[in-house]
Amino acid sequence: MAALIAENFRFLSLFFKSKDVMIFNGLVALGTVGSEELFSVVAFNCPCSPARNYIYGLAAIGVPALALLLIGVMWNNHTWNLVAECHKRGIKNFSAAATFLLFGSIMGRASVAPITWSVISLLRGEAYICALSEFVKPSSLDKFPADYGAEVLAKFPCRDVPANLTKFRDEVTRRLRYESQLFGWLLIGIVAVLVFLTKCLKHCCSPLSYRQESYWAQYRSNEDKLFRRTAEVHSRILAAKNVKQFFGFVALDKEEKELVQEFPVEGVQPSPQWNAITGVYIYRENKGFPLYSRLHKWAKGVEGNGPTPEGHELLFLAS
């Protein structure tokens, strides 16, 4: 039993440490589902009032989805690489296809959470019923009393209706929930087809083999890990030197003392170097040899980011 539990914990640890895009998107989707459930229980409260239901119902679906989309855009490293690229170098070196794919990558990754939110909202049906109950035509309901109109229909989501309208309320609710869930399933199908076609198009248009793409992904991940780890150590050692110069001493723990002794830091990297390794990267080859990142290009002393006669161009889709 202990071995089984340990194995399960090991699996979960590897799962949550994985940088795989599909796993990351799955975790985002699961988090969005939980948030939507919490929102429906705690925050959603249909006003059951004509002209307000429609606005409130659409806002309950659209506003959180928009907020999640903006958060996804801000969370994506491509966004800030693009901002840095436009600020430092402009986009004159990008082809139309590369620019389109870059924006597609940013919006595609950012759309996982808002699409999940919209799908779950539609499958639950509460917001859709709240928004459209008042627009149901009384003539479509068999033997619906002529004395009642949109004001009563708007109260159906709150069940605050006369007893003689209970069966009509149930019919309207069932009809709108059917429509809402149908739209939800259609949205799932459309997104699945688009994802499939996008993956096929990406692999068909890629100048790289599957194994080289896999190697490239591993390189990007390792470079990012090592760069972040080294930058953290470098900044800590540099900070220690400056603090020591100011106070005359610096309070370091044993691990930090070992770092200072093992990795002497003489200075900082000049701004041109930081600018050279910052920004959007379009895959290039130099004389047949691949260049996997801006840091790789800088290390090889290759200048510029424009296409070359012997080079290939492929959008850098980092995970």
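Student: What counts as a helix here?
Tutor: Helices are DSSP runs of H or I, at least four residues, and strands are runs of E, at least two, numbered from the N terminus.

Student: Okay. Where does Leu-132 lie?
Tutor: In helix H7. This is a predicted model, where local features need pLDDT of at least 70 and side-chain atom pairs count only at pLDDT 80 or more, while totals for chains, interfaces and linings use all residues. Residues are numbered from 1 along each chain as its sequence is written, and side-chain values use heavy atoms, with hydrogens and water left out.

Student: Switching to the core. How many residues has the largest nonpolar core?
Tutor: It has 21 residues, and Phe-144 and Phe-156 have the most contacts inside it. H3 (53-75), H7 (126-132), H8 (150-153) and H9 (166-205) each supply at least two residues. H7 gives the most, with four. A nonpolar core here is a set of buried Ala, Val, Leu, Ile, Met, Phe, Trp, Tyr and Cys residues joined through side-chain atoms within 4.5 Å.

Student: What forms the nonpolar patch on the surface?
Tutor: Leu-66, Leu-70, Ile-71, Met-74, Trp-75, Trp-80 and Val-83, with about 780 Å² of accessible area together. That area comes from the Shrake-Rupley method with a 1.4 Å probe, and for residues only the protein chains shown count as cover. Patch residues have over 30% relative accessible area and no salt bridge; like charges are joined within 9 Å, nonpolar side chains (Val, Leu, Ile, Met, Phe, Trp, Tyr) within 5 Å.

Student: Which helix gives the most to the nonpolar patch?
Tutor: H3, with five residues. H3 and H4 (77-88) each supply at least two. Ile-71 sits in H3. Its relative accessible area is 45%, so Ile-71 is partly exposed.

Student: Which residues gather in the patch of negative charge?
Tutor: Asp-253, Glu-255, Glu-258 and Glu-262. Lys and Arg count as positive, Asp and Glu as negative; His and the chain ends are not counted. A charge is placed at NZ of Lys, CZ of Arg, CG of Asp or CD of Glu. Asp-253 is in the loop between H10 (210-247) and H11 (254-262). Asp-253 is partly exposed because its relative accessibility is 41%.

Student: How many salt bridges does a search of the whole structure find?
Tutor: Six. A salt bridge is a side-chain nitrogen of Lys or Arg within 4 Å of a carboxyl oxygen of Asp or Glu.

Student: What does Arg-175 form a salt bridge with?
Tutor: Glu-171, with the closest N and O atoms 3.2 Å apart.

Student: Which residues are linked in a network of salt bridges?
Tutor: Glu-232, Arg-236 and Glu-256. Glu-232 and Arg-236 have their closest N and O atoms 2.6 Å apart. Those two are four residues apart in H10, so they too are separated by about one helical turn. Glu-232 is partly exposed at 36%, and Arg-236 is partly exposed at 30%.

Note on methods:
Buried < 20%, exposed > 50% of the residue type's maximum accessible area, 1.4 Å probe, protein only.
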